[in-house]
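Let's take a walk through this model together, starting with its aromatic rings and ending at its surface. Keep the viewer open and turn the model as you read.

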Amino acid sequence: MLAKSAIELVNRCYEETNKLTLLSLEEFKESFIAFVFGDYQEEFTVQYDLEEFYEHLNQLQLSNCRRDFDRAVEEWYITEYGSGNKGVNYHDILFTLVKEAVVQYQSPNRIALIRDVTKLLTMPNGFLARWQNGQIRERPIPTYFKYLMKLGVRTHEDIEMLVDMWLVEYPNAFNKKQQELFANPPRRGRPNNVELALLIELAMKVRPEMTAQERERLRKIYYYHRKSLTVREMVEKFEKYIASKNKSNDSQVG
């Protein structure tokens, strides 16, 4: 079937060539040119000659090869996603999936986490399977990648940026106790021993040899603020307590 517009032809290219992969805008532009002068030209010339093929491209406003072809892909992106430019806004679903990847694969570092998030998003038995189960009717795989694009992921670089943004919020994500805490978050109204152990471990980096009074202060910070502050913020509160205590001791000595 012949395409009726350049946008339709771009969409056909996406549907037929994008299988379980992420494509940047520039990669897709190259893919579109290869598709038109490959599979689509072969399909066309089964019924028509080559001269009619080029006339057909003129009718689709694809006459000035590279410029027209790139413009068609960019317009398709705008039609599908609202903007042809890669943004830095990600849906909350993606941040939840990063945390899920850390728990599932026990990622030891940033590089591994990027790899694990990629696996979770692209493997047939990962998030793709969950998405398919949530559909009323069966939908083609490229539709899933359009869904990822709308969430904010179009390329592998987007996954790297997503992981980096998530790590700003959870810099201790590769700590085994923190990963255990991700897997078993505190229940409402009850303290979590894993969380307290992590707090003590991080506080000891600030104060390796805590006195009994300082340990008690740290526990009080935890029990009073565990519902309103993150572990990192509680450590910062403990640091302020130590700094204030040291300042007080210095003034007494002077």
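Does Tyr 170 count as buried, partly exposed or exposed, and what is its relative accessibility? Before you check, please keep in mind that this is a predicted model. Tyr 170 has a relative accessibility of 26%, so it counts as partly exposed. The cut-offs explain the label: buried means under 20% and exposed means over 50%, with partly exposed in between.

A pair of aromatic rings is described by the distance of the centres and the angle of the planes. For another example, go to Phe 238 and Tyr 241. Their ring centres are 6.1 Å apart and their planes meet at 35°, so this pair is tilted too. Both residues sit in helix H13, which covers residues 231-253. They are three residues apart there, about one turn of the helix. As for accessibility, Phe 238 and Tyr 241 are both buried.

How many aromatic pairs are there by this rule? The count comes to 23 aromatic pairs. Some of the rings are linked by such pairs into a cluster, which takes in Phe 32, Phe 35, Phe 37, Tyr 40, Phe 44, Tyr 48, Phe 53, Tyr 54 and Phe 69.

Let's zoom out for a moment. The protein chain has 13 helices and zero strands, and along the sequence the pattern reads α-α-α-α-α-α-α-α-α-α-α-α-α. Of its 254 residues, 41% count as buried.

Phe 37, one of the cluster's residues, is found in helix H2. Its relative accessible area is 31%, so Phe 37 is partly exposed. Together with Leu 50 and Tyr 54, Phe 37 makes a nonpolar surface patch of about 260 Å². Tyr 54 also belongs to the ring cluster.

Next, colour the surface by charge. Which residues form the negative surface patch that includes Asp 49? They are Asp 49, Glu 51, Glu 52 and Glu 55. Asp 49 lies in the loop between helix H2 (25-44) and helix H3 (50-59). With 41% relative accessibility, Asp 49 counts as partly exposed.

A positive surface patch is there to be found as well, formed by Arg 217, Lys 220, Lys 237 and Lys 240. The elements that give two or more residues to this positive patch are helix H12 (212-225) and H13. H13 is also the helix that holds the Phe 238 and Tyr 241 pair. Arg 217 is found in helix H12, and at 39% relative accessibility it counts as partly exposed.

One last stop is Arg 219, whose place is also in helix H12. At 36% relative accessibility, Arg 219 counts as partly exposed. How far apart are Arg 219 and Ile 200 in sequence and in space? They are separated by 19 residues in sequence and by 8.5 Å in space, taken from C-alpha to C-alpha.

Terms used: Residues numbered from 1 in each chain as written. Predicted model: local features only at pLDDT ≥ 70, side-chain atom pairs only at ≥ 80, totals over all residues. Heavy atoms only, no water. Patch = residues over 30% accessible without salt bridge, like charges linked within 9 Å, V, L, I, M, F, W, Y side chains within 5 Å. Areas by Shrake-Rupley, 256 points an atom, 1.4 Å probe, with all protein chains shown as cover. Salt bridge = Lys/Arg side-chain N within 4 Å of Asp/Glu carboxyl O. Lys, Arg positive; Asp, Glu negative; His and termini not counted. Charge placed at Lys NZ, Arg CZ, Asp CG, Glu CD. Helix = DSSP H or I, 4+ residues; strand = E, 2+ residues; numbered from the N terminus. Buried < 20%, exposed > 50% of the residue type's maximum accessible area, 1.4 Å probe, protein only. Phe/Tyr/Trp six-rings, centres within 6.5 Å; stacked < 30°, edge-to-face > 60°.
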